[in-house]
Every structure is written in structure tokens, then in C-alpha cells.
Amino acid sequence: MAIKKKNRMILFIILTATLSVTTGCSDDHKADPAQGKKNQPIVTETPEGISVNTDFAEAFMELEQSGMEEMLEKGYNLPLSQSAEEEAEADCKKAMERIRGIYAGSDKGNSLNPTPDGESISKMYEALRETGCPVTAAGFHYTMGNYEKMEQFLEECLDGSEGELTLYYITAGGGINRSRFLFDGTQLYVIDTISTWNAKDDPAIAGSSLNRIKDWEYTEKGWFAYEYCMPEYPDVTELANGNNLLRVKPMEEAYIKIAEEYLLPIGYLGNNLLRSNWDAGHLEELDYNGLYEYLFALKYEKSMGLGTYADGIPKEEFETLMTEYLPVTVEELARYAVYDGEKQTYGWKRLGPLTYMANWFSNSIPEVREIQENPDGTTSLTIDAVCEAMGEDRVMSHVLTLQIREDGSARYLGNQVLEDGLEKITEYQYRLPQTDAGL
């Protein structure tokens, strides 16, 4: 969506004034008509100048005298009124209190960075959904609780209606990122408040920030894509990525289930199963050595240990797993994969600086757009690669064909990238040099 510009000073006063009188999530996407506040301007322009709510006249004068126009034009790290900051952090802490018991009783593993188990994250999600606010969580790629309110808010913004809405995002560590979106009729802003847990399982507020959204859109598929204003050259030597992508409109449950079972465990990072053209007759381009760890996790529902296969993957283990999931023969594996005939092992290295060049597309998630049951009993999935870092809900599309067995496991039979999809993404980097294949 192209966003028009207007006086940043007026916008800031609108924000601070609006923030001081609004709390809660029940119907906060617009002012309450019963109270006579809908469309009632807090800041108005008159022949004599700008009329500001008395409570903010002093703040306005300070901004005017300190030359804040340039900062407001840049749109990031905007000055946030004390009342707005206190309100945001109090609300975030209140939300944390809602889930404190769930977090305290969750299985966090033995990591230095405690991570609650998936069941506990789901319970936190349900607890916050009861607030009436839109809520989502790390790993909930296709689901937003109370999505109707977010959708209504965005549609009203597209119509030019002023409003505001709070979204809770549960992090992988069980904390909450609270985002308060504010739309003044032209510009979209967001107050982000970050909270974590301390060693005593008490909520700790890391801080709040106010930023303007540079560009945003609500896509036809139901994704809310927005980009923060970020520092640019020459203020910084390296540009940061301000893109965010949230699924608002719900997907069909069958699509979510098949994506979670067969696609998300594979993804686009570290292997090219979903990002190359291949089938039973054309298997030479697959990165078998890179794919092994993902098929391992899919079969055994756990990741490979850090020290696993330091000397290579034993021939039988590698070939048994690969032939279970792919239409490839033992002879083809020895020819196309990196294989050491003398040691009887297949090559293996973890992703790292020497085996992977960071790029935005690799962290995309596969989203099922269509499921087709074929006459031969196979299933073809039309998939869109959704990339938050690129701010796109369809970087490329591809068709993956599966054979879903009676026990629910699947065999991957082929993949076809549609149209010019391969031209839109970074060239795939094989885990090991392909010059070593078949040795």
C-alpha cells in the first residue's frame, strides 16, 4: 500500500494524545461512538495555528523547540510519551501475569536459554486469546487467534479510518512481544514492548519503542506485510531488515496439517528438496548430503546430536533413510551424493559459515495453496514460499508430489518449480562440493 505523507509533528501529537486515553482489547480498533469520540480530532488546524489538547501542549512546545521534525520524518526510534510507555509496559506485564503459571510449570529443557515445550506455548496462546486481542506465537506460522479483529482493523485502515489495535506475540522463549498498532487515517505506527522472564520466573520488561511503518499491505491471501522505518545510509554502514509478515486470515485445517507434517520439517534451508526441479527420472540435482538431517528429524522426531557422524554417515544408514523417503536407488545415491567408497560413508557437515551463505529466501516457510488427489493414489500440493525477510507471501510457487502411506508417513516423489520461480531466489549452495560426488 502506498502511504501518503503529512506533517509528522501533528502525527506525533495525535499518537501521544490517543495513547493516553485508550486501553484494553475488547473493541479498541476504533473509538467508541457511544462516548462521542469517533472521528473527533485530538489535534486540529485552525487559522490561528494548531489546536492541541491541553495535556500535550507542553510536550508539543518541547518538540517544536528541539527540532524534532527530522527525527519524525525518518520514522524510527520516535519519542514516546511517558504515559504511553507506562501504559504499554503495564499492559504487557499484565499479559505476562496471565501466562506466568503456565510458563513456570512448563518443560524448558536443559538449554542455557530456556524454551517452553510446544504444549505449554499452546496453553499460553489460549490464555492470551481470552483477552480478545489478536495473538500469535513462534512456530504458529498459519494461525492467529481473534484474527477477525486484526482483519477488521486493517480493512478499516485501508478505508482511511483512524483506529488502533493490540497484538500479542508469544516468543519461542515464552515471553511476549506486545505491538500496539495506531493508524491516524494516513500513517501507520506501532509501539513495540518486549518482555522476557528472569531467573525467578518473574516478568521483566526489556523496553518499548515507537516507530512508523514505512509500507504495508494486507494481501489477498490474508497476510499482513509491513516494513518498519529503519536507519539508512549514511546514518549506518549496514542496512537492517525491517520486514514483518503475519498470517491473519485462517487457512483450511487440512492445509495446515499437511504443511506441518510434511513441509515445515524440510523447508528451504540446508537442502533443495522443495526448491529444485526433480522426479524419479531426474534425481541428479538433489543435495542428498544436506537433506539427510531433515529426513532424520522427520523419521525420528528429534534432531541429530552435535557430535553425530563426525566421520561421515555409514553407508547402510544413509541409504536406508534415503530410499525410504525418495524414489532413489542405492546405485544412484552412490553416483549423485558425496560418497567415500573406501570408508563406506557418505559425507556430512553441519550448516555453518563454510557450508552456508546466509540469504533471506532460505528461511521462507512453505504454505499449501491447493491439494490435488491424483488417480494413481499420489497427492500433489501447490505450494507458495512465504518469506518474511523479503516481505512477500509468494516469492515462488512449486508443485510437490507425495505418496502418503497408510501409517501417515510420506514418500517424496517429485517437485516442479512454477514459472520463473528459480530466477527469483538465491542460487542453492550445496552442503558439500559436488565435485566430490560419486567418489
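How many helices and strands are there in the chain? There are 10 helices and 16 strands, taken as DSSP runs (helices H or I of at least four residues, strands E of at least two) and numbered from the N terminus. This is a predicted model, in which local features need pLDDT of at least 70 and side-chain atom pairs count only at pLDDT 80 or more, while totals for chains, interfaces and linings use all residues. Residues are numbered from 1 along each chain as its sequence is written, and side-chain values use heavy atoms, with hydrogens and water left out.

Of the 439 residues in the chain, 47% are buried; buried means under 20% relative accessible area, exposed over 50%, and partly exposed in between (1.4 Å probe, protein chains only). Among contacts (heavy atoms within 4.5 Å) between residues at least 6 apart in sequence, 61% join residues at least 24 apart.

In soluble globular proteins, nonpolar side chains tend to be buried together. A nonpolar core here is a set of buried Ala, Val, Leu, Ile, Met, Phe, Trp, Tyr and Cys residues joined through side-chain atoms within 4.5 Å. The largest such core has 55 residues, and Tyr288, Met322, Leu326 and Tyr412 have the most contacts inside it. Elements giving two or more residues to this core include α7 (253–263), α9 (315–325) and β16 (410–417). Its largest share, seven residues, comes from α8. Leaving out residues up to four places away in sequence, Tyr412 touches residues including Tyr262, Leu295, Tyr325 and Leu402. A second, separate core has 19 residues, among them Cys157, Trp216, Tyr226 and Val248.

Helix α7 has Tyr255, Ile256, Ile258, Ala259, Tyr262 and Leu263 buried. The cover over these buried residues includes β13, β14, β15 and β16.

The axes of α8 and α9 come within 10 Å and cross at roughly 75°; axes are lines fitted to C-alpha atoms, for helices over the stretch in contact, and angles run from 0 to 180 degrees between N-to-C directions. The two helices α8 and α9 are therefore roughly perpendicular (65 to 115 degrees; under 35 is roughly parallel, over 145 roughly antiparallel and the rest oblique). Residues of α8 including Tyr288, Leu291 and Leu295 meet residues of α9 including Phe318, Met322 and Tyr325.

Helices α4 (residues 82–104) and α5 (residues 118–129) pack at about 150°, with axes 9 Å apart. That makes α4 roughly antiparallel to α5. Here Ala95, Arg98, Ile99, Ile102 and Tyr103 in α4 meet Ser120, Lys123, Met124, Ala127 and Leu128 in α5.

Val328 is in the loop between α9 and α10 (330–336). At 4% relative accessibility, Val328 counts as buried. Apart from neighbours within four places in sequence, its contacts are Leu283, Tyr288, Met322, Thr323, Leu333 and Arg411. The C-alpha atoms of Val328 and Gly281 are separated by 9.2 Å, although these residues are 47 residues apart along the chain.

Most residues other than glycine have a negative phi, and most peptide bonds are trans. Asp201, not a glycine, has a positive phi of about 65°; Asp201 is in the loop between β6 (188–197) and β7 (203–218) and is partly exposed, with a relative accessible area of 22%. Glu301 has a positive phi of about 55° and lies in the loop between α8 and β10 (313–314). Glu301 is exposed, at a relative accessible area of 73%. The peptide bond from Tyr233 to Pro234 is cis, with omega near 5°, and Pro234 is in the loop between β8 and β9 (243–247).
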